[in-house]
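Here's a quick tour of a two-chain model, written for someone who likes to know the cut-offs behind the numbers. Have the coordinates open and follow along.

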Amino acid sequence: MVEPDQRPRIATLPQSVVDRIAAGEVVERPAAVVKELIENALDAETTRITIVIRDAGRTLIRVVDDGIGMSGSELTTAIGRHATSKLSCFEDLERLTTFGFRGEALPSIAAVSRLEVISRPHGEEIGTCLKVAGGRVEECEPTAAPEGTSVSVGHLFYNVPARRKFLRSDATEFRWIAAVFKHFALAFPELAWKLYRRDELLYDLPSAAPTGRLAELFGDDVAEDMIPVDHQHGWLKVTGWISPHSSAQRGTGDQHLFLNRRPITSQRLNRAIYTACAPYQTSGGYPLYVIMLEAPPDRFDINVHPTKKEVKFADEKGVFTALWAGVRNAISASRTPAELAERAPPRQPPSAYEHTAERALVDAPAHLTPFVPVPRRHGAPRGPILPFPPSRPGGYNAPATPAARTVEMTPTAEPTVGPVAEGEEGPVIWQIFDTYLISPLKTGLAFIDQHIAHERILYERALTAMERTPMTSQRLLFPVTFSVVVEDIPFVEEMLPLLRAMGFEVDPIGPREFRILAAPSGVRIASERDMLLGIIAEFRETAGSGSDPRHRLAAAFACRGAVKAGQPLETAEMQRLIDELFQTEEPEFCPHGRPIYHVVSLREIEKWFKR
Amino acid sequence: MKFSFSQLSMLKGLQRIIGAVPSKMPMPSLGNIHLSLEGKTLSLTATDLEVTVTSRVELIESDGTGSVLIQAKRFQELVRELPDVPLEIEIQEPLKIFLKGEGVGVYTLPGGDPVEFPELPQVDAKLTFNMPAENLKRMVSKTVFAVSRDEMRPILTGLLLQMRPGEIRMAATDGHRLSRILRKDIEYTGEPRDVVIPMKAFSLLMRNLEDGDTPEIGIAETRSSFSTEEQRVITRLIDGQYPKYESVIPESNPNRMTVRTDDFMSAVRRVAIFASQLSRQVKVALDKTSMRLESEDPELGGRAEEEVSVEYVGEPVEIAYNAVYLMDVLKQVDTEEVVFELATSNDAAVIRSAEQQDNEDFLMLLMPIRLR
């Protein structure tokens, strides 16, 4: 039992304590101060921002802008909690286009530091100098000052020892600050930025075009390597740059994600970008990217956390998909050799119904569209998100001993006799080891793995069949029966409707027995039973992966149905394979993420011969 | 060993067997032709181990007996280029083949030891019967299109030959379509027997059969032979159980469509141009007096529609077929009109010539594509 007089009594906290607690949420570390001050400067319509940091922000953070400035009275109000110029009623929250709005930044910082603000509004003769220590105004005097505002935060956390203890090493804290600086410098290339550490000018970035800013921050080599992303998806616009490979040594520092130019962090959206890049990465590490999302303010909520780094979208999945698609399309487009892509016949003109889903994303009010399935044309995330156990016995017919085989290299195009008129020469394709196709390009040689190329084609075909148009299905003269073990019955039952869409007509004829009445057009004759049993086995194996059953089924179908390594192909078959491959969404990678082709460039070949 | 012959007779003999020389050689000796001299007869043999073809070449003169292997391709090329004059071959130890003739030079080919050649298969025929070449050719040509090209199920890559007292049948199916022809005018008195013969044997045989020939067909346990005066084709039989095709032939499809074969064929050919590259689907809609054909290419765009007048007895029905299969079937019909016996859009169509030849019954089955 607690004695009555020992019981802690409930009492209102003194304001100074409240302020310090609240400050902890906004101002966790020096980098957060830098961020808040930069945002204020941006909201003040500045054209140049100069930042001075001493001792990783412990002793001084100064942010100087040439924005609209504040008068003396505005300054004192700004120090009061929830004072903001950016919001006057609650409804304004839904229309926010400014960075700050909570009115917490300055008071929070003021509560835990010695703050000095010098500001002179445009057109005013004289500025004001305001000094605050631990939240108490100590001085407010007119002073001579340039137009704009300079905020100096000294001795951060001098009155919050606990917080001070939690600060990391100077190097780490400064890295955080530099990251914030980089974020904003990337988002606002049109502004001039300077960053000083002590008296050393680390960055001096004049107003520049976005690509110029990339080069300044990452170096010309990296900037040149970056692939532009430009993708409009309903109300969401995805732009920016991505470099899937060059950041292995870089760690996670150089991922920059913005929403309406506000730096944000989102595990989920990061993952969208990572998975989009994953198949293109040759080594581990993270991709380097600068990705800007643009969305109307009523589509998301930034007011989740005082630091505003987290965002909630009304349509998380849709954003994930759009981001994934934007990045994947950009990389894939940049990597498909133009020649190969051109060789494929043009894709069919999109019919009207394919865009209905997209239109829904554009037109429907946000609250009605929790998630809209994305039309395939925009590359819904599907390829590499399908986890498969690394070894699948009998899955791939990789040649056992390629060296032991004889190389038969037969040009399959008709030998041309006499001069050939320009453009009349048919494309030449060779097959080697009965496994790889080689197609000469103007710029080199493309090597294509026939099995996984076909796998990609069948995978997309199966998905189309399940999502849109059922596959045509050839009825069998001799229905084939098969039986499964009891444990597999639930899987088969889950699969039946999907199998039907894929062109397999399967009827139960007993408790564990089934009969195949029809198979998808193009499935090898008499292979129906083996194929279906293989598909069931694979479908069962991937049951725990959590992937969409349709994707699992499509992958299983593709793997089982694709032409195997070691199978000789006719010229026409090879040509068709290549044509169809480059009509797929993802000619680069098989559904399991393996590369489908490799180009040996002319340059590389020339190097062999020291040319 | 020495013999002389006319260029033409040797060339003919070579042409009969050269098709059996495998293009990809599992063993090097198969690239050779086995020459064997016995009295006045020279036998040429080539084999790919599955099918063995022997042809006889009439000689002008001969001396000695024996055998030798000769490079198949080189020898044939050489004989083809020689003028039609008497030629002489002499084989000398150690295995050199000299060829010379009046007005031509001297050619030396390396010879091979006949021991390296696979032993020639013997056919201990339990059943034999004779069949006019015309009939054999016709039966093969009406069924061969339905033979499966896919090695997945080897039994379907051969032609089924069924011997019944007073009746010989041939059938082929790839599981999507079927063709069956039977003749009652062939004398067969043996026991009923079914064998499946590899396609390659027939294509070699057909190439060289001449009208008027009456090959003797011999059936042994694992092989069968087709022999005429000039040649003998011996083939391995395909092992396994051929599907019981008789049970899938519908006995009483209620609907009956009669159409001019050429009209139907040319309409399908045109409409097929717009069929999907993948499924080759052509839709057939039948009404009392007309058949509407439709196709649409979802990959490349475009569609086609044709109308053909027909005589149709039955309920209106829509059925889809693979256009390639449909054309294959129509190609086999050599009468002015063709009859389709149909049931629902899921059932096999029975296709027959409007008039059957005497002593013959020929029908084809075609499974539809699911309508979508």
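## Where the chains meet

Between chain A and chain B, the salt-bridge count is zero, a salt bridge being a side-chain nitrogen of Lys or Arg within 4 Å of a carboxyl oxygen of Asp or Glu. Polar contacts do turn up: nine residue pairs across chain A and chain B, with both residues at pLDDT 80 or more. A polar contact here is a pair of N or O atoms within 3.5 Å; within protein, one must be able to donate a hydrogen and the other to accept it, and residues adjacent in sequence count only if both atoms are side-chain atoms.

A word on the ground rules: this is a predicted model, where local features need pLDDT of at least 70 and side-chain atom pairs count only at pLDDT 80 or more, while totals for chains, interfaces and linings use all residues. Residues are numbered from 1 along each chain as its sequence is written, chains are lettered from A and ligands numbered from 1 in the order in which they are written, and side-chain values use heavy atoms, with hydrogens and water left out.

Back to the interface: 26 residues of chain A are in contact with 33 of chain B, contact meaning heavy atoms within 4.5 Å. The area buried between the two chains is about 2700 Å², with carbon and sulfur atoms giving 58% of that; buried area is the accessible area (1.4 Å probe) that two parts lose on being put together, summed over both. On the chain A side, A:Leu477, A:Phe478 and A:Ile525 lose the most area to chain B, together 28% of what that side buries.

Which elements of chain A give two or more residues to this side? They are β19 (473-483) and α14 (489-501), and β19(A) supplies the largest share, six residues. Helices (H or I, at least four residues) and strands (E, at least two) are DSSP runs, numbered from the N terminus.

## The chains side by side

Buried, in the table, means under 20% relative accessible area (1.4 Å probe, protein chains only).

| Chain | Residues | Helices and strands | Buried |
|---|---|---|---|
| Chain B | 372 residues | six helices, 25 strands | 54% of residues |

In chain A, residues 24 or more positions apart account for 71% of the contacts with a separation of 6 or more.

## A buried strand in chain A

Strand β10 (residues 236-243) of chain A has seven of its eight residues buried, so it is largely enclosed by the rest of the structure. What does β10(A) pair with? Strand β9 (residues 227-233) of chain A joins it in the antiparallel sense over seven bridges, and β13 (residues 288-294) of chain A also runs antiparallel to it, again with seven bridges. Two strands pair if DSSP finds at least two bridges between them.

For landmarks, A:Ile227 has A:Ile242 as its bridge partner, and A:Gly240 stands opposite A:Ile291 in β13(A). β9(A) and β10(A) form a hairpin with two residues between them, where A:Gly234 in the turn has a positive phi of about 60°.

## An aspartate in chain B

B:Asp174 is in the loop between β12 (167-173) and β13 (177-183) of chain B. Is B:Asp174 buried or exposed? B:Asp174 is buried, with a relative accessible area of 4%. Its side chain makes a 2.7 Å polar contact with that of B:Arg177.

Conventions: Buried means under 20% relative accessible area, exposed over 50%, partly exposed in between (1.4 Å probe, protein chains only).
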